[in-house]
Amino acid sequence: MKRRFALAVAVLAVALPATALAVWGGTPDTTHPSVGAMYFDVMGNGVAVADGLVCSGSYAGPSADGKHDVFLTAGHCLPPAELGILPSQILVSFDGDASDGVAAPIKVSEYHQMPGFGRNLGDLRDLGILLLPARSVTGIPAVRLPTAGYLDTLKAAGSLKFRIVDLVGYGVIPVWEPAGPTTFEFDGVRRSGTSIITGLHQTMVHYNQQRNGIGTGSGLCFGDSGSPQFDRGTLLVLSVTSGGNGQCNANNENYRVDTPQAREFLGRFLALP
């Protein structure tokens, strides 16, 4: 069942960081099991519930040292240190339909925010890593990370602009009609759709999500933060959902994973190509 609620409720849920940006315009997803969701243990018993959703993310494979499995998300999804939230209070699940309960939640062992997060508007450093117990993720293919400067290479070759990407995530769906304040529906289902690249910044990728403009009719919204954007038809991650506007109907900005600073952080946990 879909529930409709105001923006303020979605943003303030579980007193964790606002999830800046389900995939609206998309369809329930069964083809991207590597994309999961991060939940806060609202019940305090290790059981994840859909209403505890914080962000989306993806399984990036075993850690370079073999001691953990790695879940990639956005830096702003992680709780500020002053909240005193323990890693074990955060859960990850790859259940694609949490409308009837969240299956097989995994307790987080450690979480790490990209150093310098939020200190420079020119580079938000908006990446986060959740470390899960080793071999706790089974039967799910890991996403792939790009080589250094991959998007710059595509741009130089003239194949970046209007490139189609796959969007996959959990979260809310905006309801723009009838006229009035935007409301949002949420059912805990993973959805996927497509969008196009409209611009490239040193640290961000811009995607179109104007429902009446150019593009493919899908976009990202609250609860999709941390979700990957895939090169069409692959598991190659181009960026991680970072932010957009409060109505989820304008261009979206997502953090690149192929820059030197992103690779320096990710390389602490993963073997990079």
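Is aspartate 166 buried or exposed? In the predicted model examined here, aspartate 166 has a relative accessibility of 5% and therefore counts as buried, the cut-off for this class being under 20% relative accessible area. The side chain of aspartate 166 meets that of arginine 232 in a salt bridge, with an N to O distance of 2.4 Å. Because aspartate 166 belongs to strand β10 (residues 164–169), whereas arginine 232 sits in the loop between β15 (228–231) and β16 (237–243), this pair ties together parts that are 66 residues apart in sequence.

The structure holds 8 salt bridges, and several of the remaining ones can be described in terms of the accessibility of their partners. Aspartate 187 and arginine 191 are joined through their side chains at 2.8 Å, N to O; here aspartate 187 is buried at a relative accessible area of 9%, and arginine 191 is likewise buried, at 7%. In the salt bridge between aspartate 123 and arginine 125, for which the N to O distance is 3.6 Å, aspartate 123 is buried with a relative accessible area of 10%, while arginine 125, at 21%, is partly exposed.

Strand β9 (residues 128–133) is largely enclosed by the rest of the structure, because 5 of its 6 residues are buried. Strand β5 (residues 68–73) runs antiparallel to β9 and is joined to it by 6 bridges, and within this pairing histidine 68 has proline 133 of β9 as its bridge partner. Strand β8 (residues 110–113) is also antiparallel to β9, to which 4 bridges connect it; in this case glutamate 110 is partnered by leucine 131 of β9.

When neighbours within four places in sequence are set aside, methionine 38 is in contact with Gly52, Leu53, Val54, Cys55, Phe71, Cys77, Leu78, Ile90, Leu91 and Leu130.

Although serine 63 and leucine 270 are separated by 207 residues in sequence, the C-alpha to C-alpha distance between them is 5.1 Å. Residues up to four places away in sequence not being counted, serine 63 touches His68, Val70 and Phe269; of these, His68 is the residue whose bridge partner in β9 is proline 133. The side chain of serine 63 also takes part in a polar contact of 2.6 Å with the side chain of aspartate 65, and a polar atom of the serine 63 side chain lies 3.2 Å from the backbone nitrogen of lysine 67.

Note on methods. Residues are numbered from 1 along each chain as its sequence is written. This is a predicted model: local features need pLDDT of at least 70, side-chain atom pairs count only at pLDDT 80 or more; totals for chains, interfaces and linings use all residues. Side-chain values use heavy atoms; hydrogens and water are left out. Buried means under 20% relative accessible area, exposed over 50%, partly exposed in between (1.4 Å probe, protein chains only). Helices (H or I, at least four residues) and strands (E, at least two) are DSSP runs, numbered from the N terminus. Two strands pair if DSSP finds at least two bridges between them. A salt bridge is a side-chain nitrogen of Lys or Arg within 4 Å of a carboxyl oxygen of Asp or Glu. Contact means heavy atoms within 4.5 Å. A polar contact is a pair of N or O atoms within 3.5 Å; within protein, one must be able to donate a hydrogen and the other to accept it, and residues adjacent in sequence count only if both atoms are side-chain atoms.
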